[in-house]
Amino acid sequence: PAIFFDASFHNSPITNVKIHSNTFLWTGYKGIIMYGGPLDGVTISDNVFYDSSIDLDGRTLGVKSDYNLFYNSRGPSNEGPNSITSNPQFVNYTRHQSWNVRVKSTSPAINKGDPALLTTMGLTGNFVDIDGVSRPNGARCDIGAYEYKP
C-alpha cells in the first residue's frame, strides 16, 4: 500500500490524519489502508485512485472522504457527494511501462478539488504540486498530485 496505518495491535486510535493531493496507482494493494482502533479526524480529499482504493477496515465513523476521483476502484461506503468516478485521462500511463500521470486538458480532475482545501487541510496560502506548479492554477485545485498547466 502507499499509505498504511495498523493500530490493531493495541487498538490504538488513528487521529487527525489528513491525506490530500495524491495519485494512487495500482500496486497490487489498496492506496490507503487503515486498521485498528477508532478513527477520528481522518480526512481523505483531492486524491486520484486509479486501479486502487481505500480500505478502512469496514469503519467510516470519524472519516471524511470527498473530492476524490476513482477509476476502476472504489471509495469507502461514506464517500462524499463531490467525488468523481471517471477516467482521469493521464498524459501517458500504462501499468508497469509508462508513468506520466499528469492530466490532459480534458481531464475531469481539473478544477474539481475541494474549494476549501487550504482551510480543510490547515494550509496557509498557496501550495505547489509535485512539479512545483502553484495550486490552485485555475478556479480550484485539481484532484491528484499534479495541477494542470497548459
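**Close-ups of a cavity, a sheet and a glutamine**

Keep in mind for every view here that the model is predicted.

View A. What space does the largest cavity hold? About 30 Å³. The structure has one cavity of 30 Å³ or more.

**View B. The four-stranded open sheet.** Reading across the sheet, the strands come in the order β4-β8-β11-β12, and the pairing is parallel. Which strands stand at the edges? Those are β4 (23-25) and β12 (84-85); each has a single partner strand, so one side of each has no neighbour in the sheet.

**View C. Where β8 meets β11.** Three bridges join β8 (residues 48-50) to β11 (residues 69-71), again in the parallel sense.

**View D. Gln-89 and its surroundings.** Gln-89 sits in the loop between β12 and β13 (90-94). With a relative accessible area of 26%, Gln-89 counts as partly exposed. Leaving aside residues up to four places away in sequence, Gln-89 touches Arg-102, Val-103, Lys-104, Thr-106, Ser-107 and Pro-108. With Thr-106 there's a side-chain to side-chain polar contact at 2.3 Å. Phe-70 is 19 residues away from Gln-89 along the chain, and their C-alpha atoms are 12 Å apart.

Technical notes:
Residues numbered from 1 in each chain as written. Predicted model: local features only at pLDDT ≥ 70, side-chain atom pairs only at ≥ 80, totals over all residues. Heavy atoms only, no water. Pairing = 2+ DSSP bridges. Helix = DSSP H or I, 4+ residues; strand = E, 2+ residues; numbered from the N terminus. 1 Å grid on protein atoms, 1.4 Å probe; cavity = no way out; pocket = protein on both sides within 12 Å on 5 of 7 lines; lining within 4 Å. Points joined across faces, edges and corners; volume = space filled by probe spheres on them. Buried < 20%, exposed > 50% of the residue type's maximum accessible area, 1.4 Å probe, protein only. Contact = heavy atoms within 4.5 Å. Polar contact = N/O pair within 3.5 Å; in protein donor to acceptor, adjacent residues only side chain to side chain.
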